[in-house]
Amino acid sequence: MSEETKETKPRLKQSSKEDEKLKAELEKAFGDTVEVWIPRAKRIFIKVKPGDHRKVLQWMKDNWDLQHLTTVTGVDKGDTFEIIYHLYKYQGYRTHPSVKTEIPRKNPKIETVVDILPAATFYEREAHDLLGIVFENHPNLERLILPDDWPEGVYPLRKDWLPEGVE
């Protein structure tokens, strides 16, 4: 392939001084209770134990004026469910922090964050509906997507779910 026909892939920007500053702030505030990494510029991942997700989200809201919850993702990882709170910091340095935690599949419960970030209301209901994750103290953990006659305890986004009649 000639040099003229080669496709060039855009290079990802490495983390900036601002990214590193935000990482340092998190590590100073939470010590070894958080694992923080920056895969590329303007992306910060924060892994925490269940329960600590609330403390980190509240701290980010209070200290970074972080108000915008983009979505909440639930991921079936086999023995655990990973819950990821995707955020957007648009005041000052704009970045996309994501707070991750894992809960056991056998007891898929975690405390809601609706009181901290009200936008989580529908996202947590969706994860409950499709994965069976129970967000404790959620003000309205009712069905959101699945029809009313959908069988209880059947969650279509779990890896072990098969549509009826499929083998």
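The buried residues of helix α1 pack against strand β1 (34–40), strand β2 (43–48) and α2 (52–64), where contact means heavy atoms within 4.5 Å and buried means under 20% relative accessible area, exposed over 50%, and partly exposed in between, with a 1.4 Å probe and protein chains only. This is a predicted model, in which local features need pLDDT of at least 70 and side-chain atom pairs count only at pLDDT 80 or more, while totals for chains, interfaces and linings use all residues. Residues are numbered from 1 along each chain as its sequence is written, and side-chain values use heavy atoms, with hydrogens and water left out.

Helices (H or I, at least four residues) and strands (E, at least two) are DSSP runs, numbered from the N terminus. In α1, the buried residues are D19, L22, L26 and F30. Seen down the axis of α1, these buried residues fall within an arc of 65°, so they line one face of the helix; the arc is that of the directions from the helix axis to the C-beta atoms. K17 and K28, on the other side of α1, are exposed.

Helix α3 is largely enclosed by the rest of the structure, because 9 of its 12 residues are buried. These buried residues are A120, T121, E124, R125, A127, H128, D129, L130 and L131, and what covers them includes β3 (68–76), β4 (80–88) and β7. Just after α3, G132 takes a positive phi of about 80°. The C-alpha atom of G132 is separated by 9.6 Å from that of E152, which is 20 residues apart from G132 along the chain. E152 is found in the segment after β7 (134–136) and is exposed, with a relative accessible area of 67%.

F122 is placed in helix α3 (residues 120–131) and counts as exposed because its relative accessibility is 51%. Together with L144 and I145, F122 forms a nonpolar patch on the surface, with about 280 Å² of accessible area in total. Patches are made of residues with over 30% relative accessible area and no salt bridge, like charges being joined within 9 Å and nonpolar side chains (Val, Leu, Ile, Met, Phe, Trp, Tyr) within 5 Å. A salt bridge is a side-chain nitrogen of Lys or Arg within 4 Å of a carboxyl oxygen of Asp or Glu, and accessible areas come from the Shrake-Rupley method with a 1.4 Å probe, only the protein chains shown counting as cover for residues.
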